[in-house]
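Could you show me around this structure, stop by stop? I have it open in a viewer and would like to know what to select next.

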Amino acid sequence: MAFLPKYLVRLVLLVLSQVVELIEKKKAFAITTHVKPDGDGLGSSLGLCWLLKSLGKSADVIVRGEVPPAYHKLPGVDLIRDVEHLNGSYDAVFLIECSDLERPGIRGLNEAFTVNIDHHSTGDQFGTINWIDPTASAVGEMIYNLCKAIGGRITKEIADCVYMALVTDTGSFHYSNTTDRTLKVASELIKAGAKPEEISGAVYNNYPWSRIELMRRVLDTVKRDETGKIAYLRQTLAMRQESDAIDGDNNGFVNIPLSARDVEAVIYMREIGPDSYRVSLRSKGDLNVAKIAERFGGGGHRNAAGLQIDGDWDAKEAELVDVLLQEIERRLREDRGAE
Ligand code: 5GP
Ligand code: MN
């Protein structure tokens with residue numbers, strides 16, 4: 001969890017009170033999240049939608065593209081609209097977990113009153129209101145806080161949606177963003193009717209066989225650098241085709257090499273076009289991969305970050321391995337210096 005000095009904690013609370021005031025004063029809202037939405041993006045969007053409806057407000061959830069099967073059973077999923085352009089007159093549009101105004105892939109947002117709700121501190125402050133809480137494990141935790149701050153009741157629908165956000169963004173409560181607060185919120189959600197087995201099962205035991213086919217091919221590429229601390233693996237476009245894979249089939253592949261004792265960081269490169277790759281970085285402990293991703297124009301959290309990179313595959317992979325090794329060595333030197 002990110003540590004925040006007291007004045008920033010106060011600032012986050014101040015902005016929360018502005019969001020509460022906005023909701024109390026206004027009536028018609030839209031909610032959106034990034035393209036290729038994940039459990040936090042969709043769970044938080046739908047959770048907020050149910051909260052607004054329970055307060056007598058109107059709320060539309062608008063998301064570009066298809067909803068992945070893992071989220072088909074979330075309450076309200078059938079109400080999600082796939083629109084290219086913001087239409088309708090809204091008092092405000094909530095953007096959940098979007099690093100900038102372009103992330104939802106919806107035109108016309110620049111003319112709206114926008115509320116940027118995020119727990120990543122690396123995004124732009126593009127909103128009319130920017131409610132950014134890096135201490136929250138997921139935006140879902142912030143939606144819970146909003147519900148409490150506005151005096152709302154955690155309904156079964158809100159509980160299901162927010163639990164989905166928490167369980168996916170914390171890697172089933174494994175990652176370092178899991179705090180006592182996260183577990184307290186999860187406990188309240190279960191009390192309100194969320195069923196952990198059903199929600200986790202919808203994500204983790206609900207893949208098509210193509211995932212297993214793709215996993216076999218991707219794991220076949222895994223290698224380590226000579227120190228054994230960095231593992232790297234690749235996914236080509238051909239592998240996706242041969243496996244009949246769909247988006248989301250590769251969820252969590254990047255964590256598999258990290259489960260080896262000596263591996264401190266993983267680089268997972270996916271071909272998206274000629275000489276063009278999406279990269280996921282993962283690390284253990286204090287090794288900060290967000291810092292490294294930012295150097296390449298990406299971002300994320302200390303232990304989970306991403307970026308896009310172009311160039312020769314071998315050369316770019318070697319460059320990333322090198323940068324990570326340098327960071328590991330720099331930290332070792334610092335530790336020695338501190339002794
Ligand atoms: P993943 O590897 O699962 O795609 O992303 C891991 C984390 O890094 C997520 O929290 C995600 O939001 C962030 N992330 C991934 N790619 C990018 C990127 O290109 N830019 C920024 N700012 N964050 C990213
Ligand atoms: Mn999130």
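Predicted model: local features only at pLDDT ≥ 70, side-chain atom pairs only at ≥ 80, totals over all residues.

**Stop 1: the metal site.** Select the manganese ion (ligand 2) and show the side chains around it. Its protein donors are Asp 40 (OD), Glu 97 (OE), His 119 (NE2) and Asp 169 (OD), at 1.8 to 2.3 Å from the ion. Along the sequence, these donor residues follow the spacing D-x56-E-x21-H-x49-D. Now colour two helices: Asp 40 belongs to helix α2 (residues 39-54) and Asp 169 to helix α4 (residues 156-169), so this pair ties together parts that are 129 residues apart in sequence. Are these two residues buried or exposed? Asp 40 is buried, at 0% relative accessibility, and Asp 169 is buried too, with a relative accessible area of 15%.

**Stop 2: the open sheet.** Switch to a cartoon view and look for 6 strands in the order β6-β7-β8-β9-β11-β10, which form an open sheet with mixed pairing. At its edges stand β6 (223-224) and β10 (299-300); each has a single partner strand, so one side of each is left without a neighbour in the sheet. Next, pick out strand β8 (residues 265-273) and strand β9 (residues 276-283), which pair in the antiparallel sense over 8 bridges. Zoom in on Gly 273 and you will find Ser 276 of β9 opposite.

**Stop 3: aromatic pairs.** How many aromatic pairs does the structure hold? There are 4. One of them joins Tyr 163 and Phe 173: the ring centres are 6.0 Å apart and the planes meet at 65 degrees, so the pair is edge-to-face. Tyr 163 lies in helix α4, while Phe 173 is in the loop between α4 and α5 (180-191). Tyr 163 is buried, with a relative accessible area of 5%, whereas Phe 173 is partly exposed at 23%. Another pair, Phe 253 and Tyr 268, is tilted, with 6.4 Å between centres and 40 degrees between planes. Both Phe 253 and Tyr 268 are buried.

**Stop 4: charges over rings.** Stay with Tyr 268 and show Arg 270, which lies over the face of this ring at 4.7 Å from the ring centre. Finally, select Arg 211: its charged end sits over the ring of Tyr 207, 3.9 Å from the centre.

Technical notes:
Residues numbered from 1 in each chain as written. Chains lettered and ligands numbered in written order. Heavy atoms only, no water. Donors = N, O, S within 2.8 Å, 3.2 Å for Na, K, Ca; no water. Helix = DSSP H or I, 4+ residues; strand = E, 2+ residues; numbered from the N terminus. Buried < 20%, exposed > 50% of the residue type's maximum accessible area, 1.4 Å probe, protein only. Pairing = 2+ DSSP bridges. Phe/Tyr/Trp six-rings, centres within 6.5 Å; stacked < 30°, edge-to-face > 60°. Lys NZ or Arg CZ within 6 Å of the ring centre and 35° of its normal.
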